[in-house]
Amino acid sequence: MTKTTEGRKRILSGMRPTGRLHLGNLVGALANWRDLQDDYECFFMIADYHALMSEYEAPAKIAANAREVLLDFVACGLDPVRSVIFRQSEVPQHAELHLILSCYTPIGWLERNPTYKEQMRELTTRDIHNYAFLGYPVLQAADIVVYRAHCVPVGEDQLPHLELTRELVRRFNNLVGEDALVEPHAKLTASPRLLGTDRRKMSKSYGNQIDIADDPDTIRKKVMSMITDPKRIRRNDPGHPDECNVCDWYKTFSPGEADEVARKCREALWGCTDCKSRLAEVLIAYLAEPHRRRQELEADPDRLHRILADGGERARAVAADTLADIKRLTGLGAM
Ligand code: TRP
Ligand code: SF4
């Protein structure tokens, strides 16, 4: 019933183009997506319609941000040959299916959505009292089911949206009397959450992030500003690496030396400045390959456009196939 090439299961995931991606996005999502390419047929989307829902007051930035996200995707090893990398707005079937699915979505489901309620409470920098924003999860459901994706790799924050997608699929299939849509599973990322340089959640809005594209000097400057064990005041004080974010970063980016780092900290064999200088070099080495790939693609705008053109074409072919079925089932097909 599900049509995938080579019998592999299909994955879709996406990110909104709100700017350059950071190390949290890399270890929390992109590294995982990169590895999934070996076992799944992957669709990776730049969700620019979703960005417009909240950024409509300054929409000019969305296109430039979409370019940054594409550069970061490829830099981090998403492979435009093996995977379909595309921009949501270049596949009109997302919008079409969104409208059809919205007919099947009780408003109460959207009003009760915890993510929506939280954002209504907390997002103060933008006005999201628009009609589209309430329907954010309906478009997200369309994104997923238009490719009949089996799995959606997401962080925990997206689980309510996934659950809503699944409910919507069941309701739709039930009402049209056919299992036309595939109920997707969430694939939770196992990686630990990487905190920002100030120990809060890593986020652009806090300015505590290291971008994947940051150059070595910027990385050094940001790492040297990291907050360390507050109880370690003098160089001779023994430190508490378990309470230090710097040590957590070692575990993520250079697990082989994390024990040694912790020991030198506990025994006061080195200072926090030494420890952070070394971490900066670890990160610079970790990002060397992504930087190389990013610069290569940045220098070749034709290739960048070809990636999107090709991804859009492959995405539309699959999406059009689903839409034909759905239109037939909803009375919108041939008369
Ligand atoms: N809502 C997701 C986020 O903010 C982005 C997104 C849009 C998405 N459509 C999707 C993620 C479909 C997974 C599947 O991160
Ligand atoms: Fe943190 Fe390293 Fe300083 Fe220990 S030595 S407190 S791990 S920065």
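The shell around ligand 1 divides into seven nonpolar, five polar and two charged residues; Ala, Val, Leu, Ile, Met, Phe, Trp, Tyr, Cys and Pro count as nonpolar, Asp, Glu, Lys and Arg as charged, and the others, Gly among them, as polar. This is a predicted model, in which local features need pLDDT of at least 70, side-chain atom pairs count only at pLDDT 80 or more, and totals for chains, interfaces and linings use all residues. Residues are numbered from 1 along each chain as its sequence is written, chains are lettered from A and ligands numbered from 1 in the order in which they are written, and side-chain values use heavy atoms, with hydrogens and water left out.

Ligand 1 is surrounded by 14 residues, of which the closest are H50, Y136, Q140, D143 and Q158 (a residue counts if one of its heavy atoms lies within 4 Å).

| Residue | Ligand 1 atom | Distance |
|---|---|---|
| R16 | oxygen | 3.5 Å |
| D143 | nitrogen | 2.7 Å |
| Q158 | nitrogen | 3.1 Å |

Taken alone, ligand 1 exposes 370 Å², and the protein buries 89% of that (Shrake-Rupley method, 1.4 Å probe). Two or more residues of its shell come from each of β1 (10-15), α8 (136-145) and β4 (151-154), and α8 gives the most, with four residues. Helices (H or I, at least four residues) and strands (E, at least two) are DSSP runs, numbered from the N terminus.

Around ligand 2 stand T228, D229, R232, C244, V246, C247, C265, W270, C272 and C275. They divide into seven nonpolar, one polar and two charged residues. Both α11 (245-253) and α13 (272-286) supply at least two residues of this shell.

Definitions and conventions: Polar contact = N/O pair within 3.5 Å; in protein donor to acceptor, adjacent residues only side chain to side chain.
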